[in-house]
Amino acid sequence: MSIIEIKVPDIGDFSDVAVIELLVKPGDTIKAEQSLLTVESDKASMEIPSSHSGVVKELKVALGDKVSEGSLVLMLEVAGDAAEPAAAAAAPVADAPAEAAPAAAQAAPAAATGPIEVHVPDIGDFKDVAVIEVMVKVGDTIKLEQSLITVESDKASMEIPSSAAGVIKELKVKLGDKVNIGDLLAILEGSVASAASAAAPAASAAAAPAPATSAPAAAAPAQAAASVSVAAAPAHVPTATPALGLPHASPSVRKFARELGVPLSEVKGTGLKGRITDDDVQSFTRSVMSGAVQTLAAQAQAKSAGTGSNDGAGLGLIPWPKVDFAKFGPVERKELSRIKKISGANLLRNAIMIPAVTNHDDCDITDLEAFRVSTNKENEKSGVKVTMLAFLIKACVAALKKYPEFNSSLDGDALIYKQYFHIGFAADTPNGLMVPVIKDADKKGIYQISTEMGELAKKARDGKLGPAEMTGASFTISSLGGIGGRYFTPIINAPEVAILGVCRSTTEPVWDGKAFQPRLMLPLSLTWDHRVIDGAAAARFNVYLGQILGDFRRVLL
C-alpha cells in the first residue's frame, strides 16, 4: 500500500474555480474516475474525477476553496501497483481521436442562424396574465435568458426570460396585453444559444479530463463512473436540504432563478442529492404567483409594514378592526394596483420610522411667473413649454448646494453627502403615484429640464417608466400646483432626508411697507428628517429657497 496525491486535472482554460460540493470524505473507498468534488466557474459547473482507486486518507480542500489545474485535492491510499495502470491510462490518445476531440468541442457550441421564435415558457397554471413592462425593443441585441417582459397575476409579478440569443426583429406583445404559456413574444435573428447548447462547452470541459487510450475506451470509464455515482448516491428525500453553504444548483439554474427573481435558498431540490432543477424553480414560481407560498422577503415586508394583515401586530398595536361593510349597504371590492401595493408599504415604513417635521412657508413668485409666461410666448415655435416646476428644480439644486445636509442620507451612524443632484418629482398617473428622476439637474438648463420632465411624465402615464428612471433621487418635489390646496405634509422618500411639497399659487395682498400690493404667492411645505436636520436649518433652507424664487438671478451667485 502507498499514499499518493490526487490533483485537479486539466479542466480547460479555468483558474481559481470555486468548490461548491464535496462528494467524498476520509475513509471512503473510491474507484478510478469516480467524482470527488464539484467546482463552478461563472459559466459552468463540473465534477472532478479521481485518477486512481483507493481509500481516501485526507481531504485537502473545503467548501468555498478556489482550485486550479494541479491543485492538491486529497491523499489516497492505493495498492502498490495501482499507480502503474493509471499512468498507462493517462497516456496520450491516438492521433485521430485527439484531433477529433477539439473538433467536437468546437462543434458543440455551434449555433444555427435565422429567424427564432421566443415563446412564453411554463409559468404555472395561469391564464391571461397582464404584460406590465416591456424591457426590450426592436433592434436590441439580447442574450440567452435576458428578461424580455414583466407579467403580473393577481398575486405576484415575474420577468420572462428569452430562450435564445440574437437581435430582436419583431415584438409580438405590448403593454397591457394578456399572455399565456406558449404565446409568441418575439422573433429574433441571429445565433440560437439555447440552454442545451450553452451547456455543451461545460460538458466538453468536464469530459476532457477523463483519461483514455482510444475513442471506444474513452466512453467506458465515463459510463462506469456514472454507474458508480448513481449506485453510491443515497435515496433522495425531496424535502431534505443539501448540507452546503449555498443552494445546490447548476449555473444555468442559478441564472434562471435570478431572471425570475426566485430565492434559491427557499427552493426544495428534487434532483439527485437535493440538487435544484429548472422544474423546481418553475414549481416555486407557480406557488408564489398562486399565493400558496410567500417568500421570506415578502413575509418580512408584510410583517414590518403591515401589508399582509394591516393589523399593526408588528408594532405592538391593537388589532385592525375587521368590519363586514356589506351589512350597512352595497359595496364593491377592488384590489390595489401593483404600484399602490409597493408604494403603500414604503410610505408606511417611512411615515413610522422617520421622525419627520414639516415647515410651511410662502414665497413671492410674481416676477418669476411673469418671466416664465413671457419666455413661453417668445419660444412658442420651439414646442417646449417651461413650467414653474422646472424653475423649482433649479432653485432646489441651488438650495441643496448651500445646505448640503438636505442632499444626504443616513447610513448607520454616518451621513452620506452626495456630490450629485438628482431631483425626483411626483407624477400623478392612472395607476398611482410615480416618481421619475431628473439626473444631474445641476448640469441642465431650464429648457432641457422642461423637455425631460415632459418625456418622463408621459412615460409615467403610459406605464413605460423603467427602474433606472425612478431610482437615484437625492431630493424629491411633490407638486399639487395643477390641482389646488394650500399646504400638506409630504412623506419623505427614504433614504432621502427631505421632500418639498408645493401647492397652487394664489394672488394675495402683501404689505410692502406703504400699501398692500397684489403678489403671486406660492405655498411651500418642507418635510425633513429630524435625525439629520434641525429646525433652524430647515427654516433657513425654506427662506433661501423663497429668496431664489423671488429673484432667480440668485441662482447665478
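How many nonpolar, polar and charged residues are in the lining of the largest cavity? By class, that lining has six nonpolar, two polar and one charged residues; here Ala, Val, Leu, Ile, Met, Phe, Trp, Tyr, Cys and Pro count as nonpolar, Asp, Glu, Lys and Arg as charged, and the others, Gly among them, as polar.

Before we go on, note that this is a predicted model, where local features need pLDDT of at least 70, side-chain atom pairs count only at pLDDT 80 or more, and totals for chains, interfaces and linings use all residues. Residues are numbered from 1 along each chain as its sequence is written, and side-chain values use heavy atoms, with hydrogens and water left out.

Let us stay with the cavity. A cavity is a set of points, on a 1 Å grid over the protein atoms alone, where a 1.4 Å probe fits but cannot get out, and lining residues have an atom within 4 Å of a point. The count comes to one cavity of 30 Å³ or more, and the largest has a volume of about 40 Å³, a volume being the space filled by probe spheres set on the points. Its lining includes Pro121, Asp122, Phe256 and Gln282. Strand E13 (157-161), helix H5 (251-260) and helix H6 (278-290) each supply at least two lining residues; helices (H or I, at least four residues) and strands (E, at least two) are DSSP runs, numbered from the N terminus.

Now turn to helix H12, residues 535-550. Its 16 residues reach 22 Å from first C-alpha to last, close to the 22 Å expected at 1.5 Å a residue, that is, 1.5 Å times one less than the number of residues.

The structure holds 19 of them, each a side-chain nitrogen of Lys or Arg within 4 Å of a carboxyl oxygen of Asp or Glu.

Finally, Asp362, Arg486 and Glu508 are linked in a network of salt bridges.

Terms used
1 Å grid on protein atoms, 1.4 Å probe; cavity = no way out; pocket = protein on both sides within 12 Å on 5 of 7 lines; lining within 4 Å.
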